[in-house]
Amino acid sequence: MDNTEKSLDHLTFADLRVHYGTGRAFLIRQEYRRNVYGYRKGVKTDLGDLEEKDWIQLATGLIQKSGEQQLQKNLLEWEQEHNYCNSSPKEMEMTALELHMARIFDDPLWVAYIPFNRKYRPEVLESARLVWVQTECCGIPGKLHRSSWISLPETL
């Protein structure tokens with residue numbers, strides 16, 4: 001890592017949120033007319049472009065420091081149960097870490113916000129401010145999660 005590295009004591013989940021994946025080919029050696037290349041996988045975060053293994057180490061350390069190991073296990077279990085793309089175990093672990101750094105379980109706009117929290121954190125839903133909308137066509141309630149988007153008069 002470069003000089004953008006932060007101490008684990010001052011590191012936040014927002015610092016490690018993945019914006020996008022990165023990659024870079026590099027020359028390992030030249031053999032006569034043939035070049036031998038390697039490839040470096042990384043992730044772009046607020047700290048910069050981190051090599052994947054370094055990011056995993058930092059993310060795992062932050063989860064341990066925050067005492068959120070069970071929450072990480074829950075996210076991984078959720079990914080395994082909803083593995084519609086047949087991802088490998090390593091890909092699912094990476095996705096679960098990315099979701100954890102993004103604090104997805106606290107975002108009411110996450111498609112799985114209610115089912116995930118109903119299963120693993122029911123206490124969160126007790127204090128959540130959700131708006132339920134019933135459509136006229138079929139009478140099945142739909143969900144609109146951000147109640148702050150709608151400004152209703154107090155008299156309603």
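Me: Which residues does W55 touch, not counting residues up to four places away in sequence?

Reply: This is a predicted model: local features need pLDDT of at least 70, side-chain atom pairs count only at pLDDT 80 or more, and totals for chains, interfaces and linings use all residues. Residues are numbered from 1 along each chain as its sequence is written, and side-chain values use heavy atoms, leaving out hydrogens and water. Contact means heavy atoms within 4.5 Å. By that test, W55 touches L16, V18, V43, T45, L50, M94, L97, E98 and M101.

Me: Which members of the largest nonpolar core touch the most other members?

Reply: A nonpolar core joins buried Ala, Val, Leu, Ile, Met, Phe, Trp, Tyr and Cys residues through side-chain atoms within 4.5 Å. Buried means under 20% relative accessible area (1.4 Å probe, protein chains only). This core has 15 residues, and those touching the most others are L16, V43, L50, W55, A59 and M101.

Me: Which element gives this core its largest share?

Reply: Helices are DSSP runs (H or I, at least four residues), numbered from the N terminus. Two or more core residues come from each of α1 (52–66) and α3 (89–101). The largest share, 5 residues, comes from α1.

Me: Are α2 and α3 roughly parallel or oblique to each other?

Reply: Axes are lines fitted to C-alpha atoms over the stretch in contact, with angles from 0 to 180 degrees between N-to-C directions. Those of α2 (residues 69–81) and α3 come within 9 Å and cross at roughly 130 degrees. Under 35 counts as roughly parallel, over 145 as roughly antiparallel, 65 to 115 as roughly perpendicular, and the rest as oblique. The two helices are therefore oblique.

Definitions and conventions
Buried < 20%, exposed > 50% of the residue type's maximum accessible area, 1.4 Å probe, protein only.
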